[in-house]
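User: I am new to this structure. Could you please walk me through it?

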Amino acid sequence: GEMPQSRDDVYSLACLVCEMLAGRHPRACPGTDQDRQPRLALEPLPGLTVRQWSVLAAGMAPRREQRPAGIRELLQALFVDA
């Protein structure tokens with residue numbers, strides 16, 4: 001019910017990247033309110049540096065204010081180690 005923000009796009013892209021790398025949605029219950037529960041911890045993906053995983057995990061933070069501000073910020077942080 002809130003106005004869309006660029007941080008919502010960050011969440012979607014981070015989920016998509018994880019799904020592409022792992023072949024599954026990063027949360028146990030995609031598309032439900034349960035995916036926003038902090039108790040559903042994300043498991044790091046093999047092949048990513050600690051920094052890359054931290055950036056992706058931040059992009060999927062349940063609360064908007066915890067996510068990177070925009071897609072550019074997310075992508076720049078992801079490719080620092082590349």
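User: What share of the contacts join residues at least 24 apart?
Analyst: Among contacts (heavy atoms within 4.5 Å) in the protein chain between residues at least 6 apart in sequence, the share is 62%. Please note that this is a predicted model, in which local features need pLDDT of at least 70, side-chain atom pairs count only at pLDDT 80 or more, and totals for chains, interfaces and linings use all residues. Residues are numbered from 1 along each chain as its sequence is written, and side-chain values use heavy atoms, with hydrogens and water left out.

User: How many helices and strands are there?
Analyst: The protein chain has three helices and zero strands, where helices (H or I, at least four residues) and strands (E, at least two) are DSSP runs numbered from the N terminus.

User: What percentage of the residues is buried?
Analyst: Of the 82 residues in the protein chain, 32% are buried, meaning under 20% relative accessible area with a 1.4 Å probe, protein chains only.

User: Turning to Arg64, where is it found?
Analyst: Arg64 lies in the loop between helix H2 (50–59) and helix H3 (71–78).

User: Why does Arg64 count as buried?
Analyst: Arg64 counts as buried because its relative accessibility is 16%.

User: Which residues does Arg64 touch?
Analyst: Not counting residues up to four places away in sequence, Arg64 touches Glu2, Met3, Pro4, Gln5, Arg7 and Asp8.

User: How far apart in space are Arg64 and Val10?
Analyst: Their C-alpha atoms are 9.2 Å apart, while Arg64 and Val10 are 54 residues apart in sequence.

Methods:
Buried means under 20% relative accessible area, exposed over 50%, partly exposed in between (1.4 Å probe, protein chains only).
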